[in-house]
Amino acid sequence: MADKTVKELADMVSKTVSAVQKQLTDAGLPARGEDDLVTELEQEQLVAFLKQSHGQKEKRRISLKSKTTSTARVTGSSGKSKSVNVEVRKKKVFEKPDPNKLAEEIAAREQAALEAKKRAEEEAKKREQVKKEAEERQAATLAAMRANLGGGSSSSDKKEELSTVVVKKGSKAAAAAKEAPKKKVAQTKPKVETAAERKARETREAEEERLRQIEAETRRKQAEEAQKKTLEQMRKMAGKYSDKDPVAEVRKDEPLAEGLVGEALEESFEKERREIKRGSASTATRGRRRKGQEEREIRNRKHGLKSSQASQHKFEKPVEKIVHDVEIGEQIVVSDLAQRMAVKAREVTKLLMKMGEIVSADQEIDQATASLIVEEMGHNPIPVSDTKVEDDLQEAVEERRSNVQTRPPVVTIMGHVDHGKTSLLDKIRETKVATGEAGGITQHIGAYHVETDRGVITFLDTPGHAAFTAMRSRGAQATDIVILVVAADDGMMPQTEEAIDHARASGTPLIVAINKMDKSTADPDRVLNELTTKEVVTEAWGGDVPMAKISAKTGEGIDELLELINLQAELMELEAPTDGAAQGVVIESRLEKGRGAVASILVKKGTLNQGDLVLAGEFYGKVRAMTDETGKRVKSAGPSIPVEILGLPDTPAAGSEFLVVSDEKKAREVAEFRATRERERQLERQNKMRLESMFEQMGQDDLSFLNIILKTDVRGTLEALLAALEDLSTDEVKVKVISSGVGPIAESDVTLAESSEAVLLGFNVRADNAAKRKADEAGIDIRYYSVIYGLIDDVKAAMSGMLSPEHREKILGIAEVRDVFRSSKFGAAAGCMVVEGTIYRNKSIRVLRDDKVAFTGQLQSLRRYKDDVNEVRSGMECGLAVRGYDVEVGDKIEVFEIQEIQRTI
Ligand SMILES: Nc1nc2c(ncn2[C@@H]2O[C@H](COP(=O)(O)OP(=O)(O)OP(=O)(O)O)[C@@H](O)[C@H]2O)c(=O)[nH]1
């Protein structure tokens with residue numbers, strides 16, 4: 001981390017200068033201007049401060065209330081409005097009773113019922129006893145009274161004596177006798193009742209007793225009924241649970257049933273308790289009852305029930321939990337997801353946190369995570385494609401297609417580097433594609449269709465180097481048949497194996513072509529033997545893989561190979577509708593001056609016509625012109641035919657699907673959606689990268705990064721290189737492509753390279769003038785490559801710290817073409833101005849058109865006025881002719897030599 005100005009820091013973290021200034025002051029560092037330096041130490045302080053505040057934010061606690069209470073105004077039956085407290089519980093957990101426990105409980109309850117019955121009987125007995133005793137006491141009192149009246153007479157005589165006393169009225173003895181007790185009776189007068197009174201009392205008591213017994217009987221019956229009902233419910237539940245798989249029962253599918261039964265049990269037990277309580281206090285006054293009711297009400301209020309509800313002793317149907325069908329696109333914002341489940345966003349964020357994802361409500365989560373959340377919350381996730389409009393378009397297109405016919409096979413030639421793929425294709429086409437290719441390698445996918453005696457065959461020309469693995473696998477997907485080229489003198493190599501894997505993964509049939517059979521060192525049997533180790537057993541060896549021995553040099557066996565391709569195609573019964581809107585795949589795309597975006601595409605279904613509205617990747621436009629692989633204008637292209645189209649506003653990514661649409665509005669809608677999605681993804685990647693670069697570089701001294709900024713001429717190369725560079729990362733060194741793109745190296749690339757300490761690599765592109773100036777000022781090294789493995793090897797070497805001196809190109813001078821004349825001797829000759837360095841006659845040159853390499857070769861002549869010269873310096877005019885290339889006004893001629901240079905990536 002070197003000292004940097006505030007502006008540089010701001011560029012580095014993609015913030016405004018003022019934002020960085022604010023962060024600096026927030027971090028307690030002195031305020032400073034845009035160009036003031038921030039020392040290494042201060043940067044560390046700033047990062048520590050940012051990290052701390054970032055960390056604090058992450059660790060903030062999120063607490064959730066398990067229930068919420070709100071007040072609602074409702075209109076009562078009297079018409080008055082009143083406030084009602086509404087409590088919403090977010091989750092209700094009901095534990096399924098264990099059937100064994102339930103059985104135990106039933107037994108216990110039966111026992112309790114028996115005991116209660118026994119107790120009731122005992123109580124009844126006791127009451128009987130008490131009654132008996134009371135009667136006895138009454139009889140004893142009567143006897144005592146009689147004894148008092150009859151003096152010493154035996155009890156058996158008492159009745160008689162009493163009647164005598166009553167009858168013998170008026171006698172003296174009787175009078176005397178009457179006198180004495182009269183006194184006594186006078187003394188106990190309040191206790192002695194008349195016969196009428198006694199009768200009334202006895203009647204009352206008998207009535208009371210009768211009522212008591214009726215009441216006791218009613219209570220007993222009620223208690224028995226309640227218990228019976230409870231037991232029945234429990235039995236039912238026990239039966240229900242024992243019928244089912246206990247594990248399956250844990251599922252939340254039946255919370256309703258559980259809730260219902262649970263509440264029923266609670267209600268019934270509560271009722272039972274009340275009955276028992278009332279039974280034990282049968283004489284309780286109304287006041288006491290009211291008190292008890294009040295207590296219940298308070299208790300119920302505590303449990304969140306309204307008193308009116310609590311006093312209604314009946315089953316209330318619980319509010320049914322609604323299971324939502326939640327549609328989830330490829331990405332969904334957390335708050336949207338919560339809304340679709342009718343829950344609070346923070347419930348979702350909390351659940352996400354439990355799953356280890358710290359996401360805020362306004363952030364997006366992917367479809368898989370969202371589906372998990374929805375399931376977890378008991379709803380149904382329904383994954384939907386964000387591309388519904390696209391799907392509808394597709395459907396509409398499908399409907400319009402008809403006339404299914406046999407189509408030509410699409411063939412991809414694969415194999416190890418230098419095993420002869422391009423030569424084979426050349427031989428088939430009888431052209432010279434291989435000549436003029438930098439480094440002898442096919443640099444990007446091209447497609448060609450050839451007419452053989454046996455019909456049309458379309459070849460996808462995939463490159464041989466490992467860097468194109470990504471494209472090759474895509475090529476295999478658009479491919480019907482893979483030709484595996486293996487050099488007879490070299491045998492199976494890593495990319496041969498890779499090709500077999502790709503073909504197998506995509507289910508594409510293989511045809512083996514053993515090449516270079518003209519060589520004396522050819523050993524086809526060894527090759528066939530080696531192939532069996534990858535389970536590729538050719539027909540010659542008793543397997544089912546067709547094989548041809550060929551020579552791309554002499555043409556030997558080529559006819560046989562084409563025959564095999566046609567046979568295989570016939571076996572596969574390849575068909576496609578020829579009528580209706582075209583659909584296919586983008587093979588390659590590039591920007592060309594004067595022509596705009598050029599896309600090579602392969603039609604898979606339908607017919608593409610000039611003037612069709614094409615939607616390809618994020619772009620749509622009318623096909624202005626179409627050319628075949630030879631550059632000839634064509635008006636239409638049917639299934640399996642590759643063409644180049646003009647008319648798209650930009651370059652769609654290689655491998656993206658294209659579709660002809662009739663509705664421009666829909667095309668725009670889909671294109672805009674795709675563009676937004678792409679921008680979002682890009683932004684996400686950048687943010688991640690910047691964060692990573694801020695935090696990863698700190699405290700991870702043992703892990704180093706090689707930051708790369710990469711610019712290429714075409715997208716296919718860019719993607720292939722990105723894939724290859726990514727694969728280079730090791731545990732110690734991580735390759736990080738912090739920016740990449742198609743087109744010349746611009747000033748902004750140099751600025752980014754400077755601030756992020758990145759290496760600037762250009763593949764078949766050059767820096768524009770502003771970028772060159774900036775790179776010179778900042779001392780940034782820009783490296784240019786024309787051969788993929790040259791670039792990969794350099795990066796690899798830099799990573800392993802083995803940058804030995806190496807022969808590398810050094811640009812010696814640049815001349816700009818100002819005029820072009822015809823010369824009988826050289827064809828086209830160019831009038832130039834040397835704008836940089838010196839132009840030498842005997843050195844190698846490159847022609848740059850729009851800062852992309854258009855040609856590499858030699859100067860044929862270099863003149864100042866009429867004289868042949870060996871060199872021309874900067875600021876001077878000269879005339880030159882280039883061998884094998886027609887230069888144009890505006891081209892730049894770059895003169896270079898190979899030098900031995902110490903590598904310093
Ligand atoms: N003798 C002989 N040489 C061959 C034959 N086929 C290809 N070659 C040579 O092998 C070298 C590589 O051939 P290419 O066609 O460029 O190989 P490629 O597999 O396309 O290579 P990349 O594009 O680099 O992957 C060239 O020098 C060819 O001349 C053949 O059948 N016989």
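# Getting to know this model

Colleague: Let's start with K892: buried or exposed?
Modeller: This is a predicted model, so to speak, a computed one. The cut-off for buried is under 20% relative accessible area. K892 comes in at 14% relative accessibility, so K892 counts as buried.

Colleague: And which side chain meets K892 in a salt bridge?
Modeller: K892 lies in strand 37 (residues 892-901), and its partner sits in the loop between strand 32 (844-849) and strand 33 (852-864), so the pair ties together parts that are 41 residues apart in sequence. The N to O distance is 3.5 Å, and the residue in question is D851.

Colleague: What about R526 and E530, how far apart are they in helical turns?
Modeller: Their side chains meet in a salt bridge, 3.0 Å from N to O. R526 is partly exposed at 33% relative accessible area, and E530 is partly exposed at 21%. Both are in helix 19 (residues 524-532), four residues apart, so the separation is about one helical turn.

Colleague: Which way do helix 23 and helix 24 run, roughly parallel or roughly antiparallel to each other?
Modeller: Helix 23 (residues 747-755) and helix 24 (residues 769-778) pack with their axes 7 Å apart, at an angle of about 25 degrees. Angles under 35 degrees count as roughly parallel. Therefore helix 23 and helix 24 are roughly parallel.

Colleague: How many residues does the largest nonpolar core have?
Modeller: I601, L608, V614, V643, I645 and F658 have the most contacts inside this core. Strand 18 (596-605) and helix 21 (664-696) are among the elements that each supply at least two of its residues. Another core, including V411 and L425, lies apart from it and has 24 residues. For the largest one, the count is 30.

Colleague: Where is the place of G743?
Modeller: G743 is buried, with a relative accessible area of 8%. Not counting residues up to four places away in sequence, G743 touches K711, T712 and V765. Its place is in the loop between strand 27 (733-742) and helix 23.

Colleague: Last one: which residue with positive phi follows helix 14?
Modeller: Helix 14 (residues 367-376) has T369, A370, S371, I373 and V374 buried. Those buried residues pack against several elements, including helix 12 (334-340) and helix 13 (345-354). After the helix, with a phi near 85 degrees, comes G378.

Definitions and conventions:
Residues numbered from 1 in each chain as written. Predicted model: local features only at pLDDT ≥ 70, side-chain atom pairs only at ≥ 80, totals over all residues. Heavy atoms only, no water. Axes fitted to C-alpha atoms, helices over the stretch in contact; angles between N-to-C directions. Parallel < 35°, antiparallel > 145°, perpendicular 65-115°, else oblique. Core = buried A, V, L, I, M, F, W, Y, C linked by side-chain atoms within 4.5 Å. Buried < 20%, exposed > 50% of the residue type's maximum accessible area, 1.4 Å probe, protein only. Contact = heavy atoms within 4.5 Å. Salt bridge = Lys/Arg side-chain N within 4 Å of Asp/Glu carboxyl O.
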